[in-house]
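Please consult the sequence and the structure shown here alongside the text.

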Amino acid sequence: MKIGFIGTGVMGTGIINNLLKSDHQVTVYNRTAAKAEPVIANGAVWADTPAEVAQAADITFTMVGYPKDVEDVWTRKDGLFSGAKTGHILVDMTTSTPKLAEKLAQRGKNLGFKVLDAPVSGGDIGAKNGTLSIMVGGDEAVFDQVLPILKDVGQQIVHAGSAGKGQHMKMSNNIGVAATVITMAESMVYAKAAGLNMDDAYNVWRHGAAGSWSVTNYMPRVMAGDFSAGFYAKHLLKDLRIALDAANEMAIDLPGTKLAEKLFAQLSENHADEGVQAIVKLWSAFQ
Ligand code: NAP
């Protein structure tokens with residue numbers, strides 16, 4: 001199948017490179033054309049609009065930033081819906097709202113397309129190494145059709161249920177991401193105040209009960225003074241707000257997630273474009 005891919009940022013670039021390594025033909029588009037240069041150098045082909053990407057492909061993926069970006073790319077005049085042919089498969093990998101996923105699935109179905117929501121977890125490293133977890137919402141038959149391609153970019157791939165359920169699975173996942181990043185930060189603040197050796201602390205935590213993906217992957221970045229974005233603080237804030245809105249609709253209270261939203265909102269005032277590990281900067285010991 002010929003693949004289209006829109007969004008050549010941190011995650012899109014890693015995923016596209018793995019599709020190219022698996023010998024897929026990939027046509028790409030990105031808002032800032034220069035950011036597509038690395039994947040074009042590896043064999044991807046540029047198209048000038050989302051519609052032109054869809055015209056060149058049988059299946060098109062989007063991996064953009066926010067729900068409003070997804071809606072724009074899919075529904076604008078030169079968007080995916082205007083370029084796709086009947087039977088085209090459209091897959092949104094952006095972390096977006098369950099409601100938008102349901103809406104796009106219904107609209108896509110009415111237009112004769114097959115639509116999935118397929119957000120991912122595993123960070124910039126997972127995208128680069130092809131080890132992403134992928135959670136998919138939509139028709140199971142379409143999921144089965146897309147599965148071989150998803151296996152080229154991910155390892156844990158689940159069909160979470162009907163349209164929007166992939167995004168719900170992602171929200172439940174990122175509630176945990178926020179919590180583990182915050183507890184990593186607090187453990188580090190405590191260890192520093194107590195004068196502990198941070199390399200020793202790293203080895204104890206990651207091999208013991210305090211271990212987490214955040215400790216294993218983000219703590220070394222903090223220790224090296226690397227606050228660049230593998231996962232943007234502003235994107236985690238977006239996710240926490242989506243999760244809290246969805247929780248509200250389901251009439252459940254998530255007090256820990258509300259606190260996490262406050263902390264990431266505070267961080268995003270000055271560090272929105274840094275990685276989530278910059279959360280340590282809320283404490284003076286890391287400023
Ligand atoms: P990113 O580096 O900002 O990439 C997003 C890309 O989408 C950018 O290149 C952006 O273009 C492009 N884009 C946005 N709106 C567009 C539009 N209207 N038309 C065309 N292109 C558009 O972000 P990322 O880290 O790859 O994250 C992408 C999504 O994955 C987010 O929803 C994020 O929450 C989620 N996610 C991220 C991680 C992670 O660890 N990074 C992990 C799991 C999920 P510009 O170049 O013009 O900005």
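Helix 4 supplies the largest share of the shell around the ligand, namely 3 residues. The model is a predicted one. In total, 27 residues surround the ligand, and the closest are Met-11, Thr-32, Gly-65, Gly-230 and Lys-238. By class, this shell is made up of 9 nonpolar, 11 polar and 7 charged residues.

Domain 1 (2-161) and domain 2 (168-286) both contribute residues to the shell, so the ligand lies between them. The space that the ligand takes is the largest pocket. Two or more residues of the shell come from each of helix 1 (10-21), helix 4 (67-75), helix 7 (123-129) and helix 12 (233-249).

| Residue | Protein atom | Ligand atom | Distance |
|---|---|---|---|
| Met-11 | backbone N or O | oxygen | 2.8 Å |
| Lys-35 | side-chain N or O | oxygen | 3.0 Å |
| Asp-69 | side-chain N or O | nitrogen | 3.5 Å |

Taken alone, the ligand exposes 890 Å², of which the protein buries 95%.

Key
Residues numbered from 1 in each chain as written. Predicted model: local features only at pLDDT ≥ 70, side-chain atom pairs only at ≥ 80, totals over all residues. Heavy atoms only, no water. Near = heavy atom within 4 Å. Polar contact = N/O pair within 3.5 Å; in protein donor to acceptor, adjacent residues only side chain to side chain. Areas by Shrake-Rupley, 256 points an atom, 1.4 Å probe, with all protein chains shown as cover. 1 Å grid on protein atoms, 1.4 Å probe; cavity = no way out; pocket = protein on both sides within 12 Å on 5 of 7 lines; lining within 4 Å. Sits in = over half its atoms within 2 Å of the grid points. Helix = DSSP H or I, 4+ residues; strand = E, 2+ residues; numbered from the N terminus. Nonpolar A, V, L, I, M, F, W, Y, C, P; charged D, E, K, R; others polar. Domains from an automatic or database assignment.
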